[in-house]
Number of protein chains: 2
Amino acid sequence: MERYTIGIDLGGTNIKAGVLNARRQLLCKASRPTGAQRPWQAVADDMAALVLELIKQAGVDRRACAGVGVGCPGTIDAAAGRVLYSNNLKGWVDVPLAEHIGSALGLPVRLSNDANCAALGECLAGAARDCGSAVLLTLGTGVGGGVVWNGRVIEGGPGGMELGHTMLISEGEPCTCGRRGCVEAYCSATALIREAVRAARARPDSLLNTLCRGDLSQMDGKIPFDAAQAGDAAAGAVVERYLRHLGEAVVDMVNIFRPQVVLLSGGVCAQGEVLTAPLTEYVRRYAFASPHLEPPPVRIAMLGSDAGLIGAGCLVDCR
Amino acid sequence: MERYTIGIDLGGTNIKAGVLNARRQLLCKASRPTGAQRPWQAVADDMAALVLELIKQAGVDRRACAGVGVGCPGTIDAAAGRVLYSNNLKGWVDVPLAEHIGSALGLPVRLSNDANCAALGECLAGAARDCGSAVLLTLGTGVGGGVVWNGRVIEGGPGGMELGHTMLISEGEPCTCGRRGCVEAYCSATALIREAVRAARARPDSLLNTLCRGDLSQMDGKIPFDAAQAGDAAAGAVVERYLRHLGEAVVDMVNIFRPQVVLLSGGVCAQGEVLTAPLTEYVRRYAFASPHLEPPPVRIAMLGSDAGLIGAGCLVDCR
């Protein structure tokens, strides 16, 4: 009887779930709205119901299901299976999520932060599946991340691995966490857009304005790269600074963990080699003791929005 | 028959070694000059000879000796037991140190970075012995560190855990690693002295000059604290900035690892609560999701210069 696991990616908007086989292939998936304004028990009951629905949909014998992994945004106590706090799930304070779903299903349930799950998914079944160790940085509204070592998530203590909330510029830009100058405040898509808007305002003749059709609220993470590629000097400076800050953050992760590869995910990563080539070179140049150690390459993650649920499914066997 | 382990702390100047009992108490220790200009094999042979001498001195049955741990400066491949490169041991490139000593002694030999060993020693037998997890930052000529989780060193890949070579101020002060703005460039004793000298030059009336007897080459890591305590404004500003930078570095470590405690070691730590009280408060205020998580306290390490060899002895059982 083949062995299966279920991965759930719990977001503020949707609950996504999928069934993985023993080779960590996604057999089928489904989703439903989170309805995050409801009591957490209602959301957890829906998660359990979605698992049962998926098991049926996949035509899998329930006894062949080894367990359920859940990736959850926010501050997680993975060892205890509890959501301590989450910005995206208002009112969730110290929620015993793993226990609740486990009781409903009669299956073991593992919990981790969603960025940790994405890192695990990419390391075991995605862009780093040739590597035992990887650091993933997700560049979105904020900057998150996860670290996988010998095929397992390094959890740290409850609330650990907030890789985006490490300092890049003391007393720099305000960060969502209350500090100033964090990696998130310079390397998120939000930060890239902020800098592009500033540059567009300072240089009304810049292509940055043209590509926004004169409406800076339409600025996105792609426009600065497009304008830079077309030779626009203001956009070129924005992109160059963004890449340097991202390079500094990546080198920090290399100097701390020395993974076999650094992965990047998030919308900005559509830029592909425009990001990875200069960043790999930056790591080669600036990582500690670089001449004596093979510096890890920087790659783009490949599982997209499935990384979290695939990684969550992998949690069952990889803790 | 009680079980013993041997710890060796290999430095650029001296080889120090000690015998630990099963309760990780240091029974006896000895040292000899490293003679680092010699071929590495000669140094390694001396390390083995020192172990035999110590076993004899301690009156321990050699069959009761479970193994030898070695803490070594520089870039270590712990899994392979090799010294890849070390600033303090010139010419050591990819040296199979564990194998060489192990063959000479007929005992298992484990190798790790010296800062990792110090962290392990403090966590198992020192200032964090009530905790399973700790981050240690050593504030000396440079800034090193180590991370212990569930009583074991988190090694990362070869050359990992260079905690002092993470960014604090992008494009800031030059760092010994070739980057600019690393934690080491702001939080080392060297950096504190640099800033105190700058402040003394800018303010000839400052007590900083008086305490150096007019010779700024005599500036040390204690004078700025003494002058600040005496009410000197220039020194006060230097100390305040140093504490803020150190606080930022400590919060970074908390946000990444969420240890139960953060330890500081090195000469600056003679300041005791003058460091730990404001830093603990800084962590309480700025660590990610601080209101929802118990923030770890900052403590001074307590094993002093024995931390490395005690931790090295602990490596034998804790890998």
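**Exercise 1.** Work out how many residues of chain A are in contact with chain B, and what area is buried between them.

*Solution.* Start with the count: 38 residues of chain A touch 38 of chain B, contact meaning heavy atoms within 4.5 Å. This is a predicted model, where local features need pLDDT of at least 70 and side-chain atom pairs pLDDT 80 or more, while totals for chains, interfaces and linings use all residues. Residues are numbered from 1 along each chain, and side-chain values use heavy atoms, with hydrogens and water left out.

Next, the area: about 3400 Å² is buried between chain A and chain B, with 63% from carbon and sulfur atoms. (Buried area is the accessible area, 1.4 Å probe, that two parts lose on being put together, summed over both.) Arg179(A), Ile256(A) and Phe288(A) supply 19% of what chain A buries against chain B, more than any other three residues.

**Exercise 2.** Find how many salt bridges there are between chain A and chain B.

*Solution.* The tally is 4 salt bridges, each a side-chain nitrogen of Lys or Arg within 4 Å of a carboxyl oxygen of Asp or Glu. Arg244(B) pairs up this way with Glu171(A), the closest N and O atoms being 3.0 Å apart.

**Exercise 3.** Describe how helix 8 of chain A packs on helix 8 of chain B.

*Solution.* Now the touching residues: Met253(A), Ile256(A) and Phe257(A) meet Met253(B), Ile256(B) and Phe257(B).

Conventions: Chains are lettered from A and ligands numbered from 1 in the order in which they are written. Axes are lines fitted to C-alpha atoms, for helices over the stretch in contact, and angles run from 0 to 180 degrees between N-to-C directions. Helices (H or I, at least four residues) and strands (E, at least two) are DSSP runs, numbered from the N terminus.
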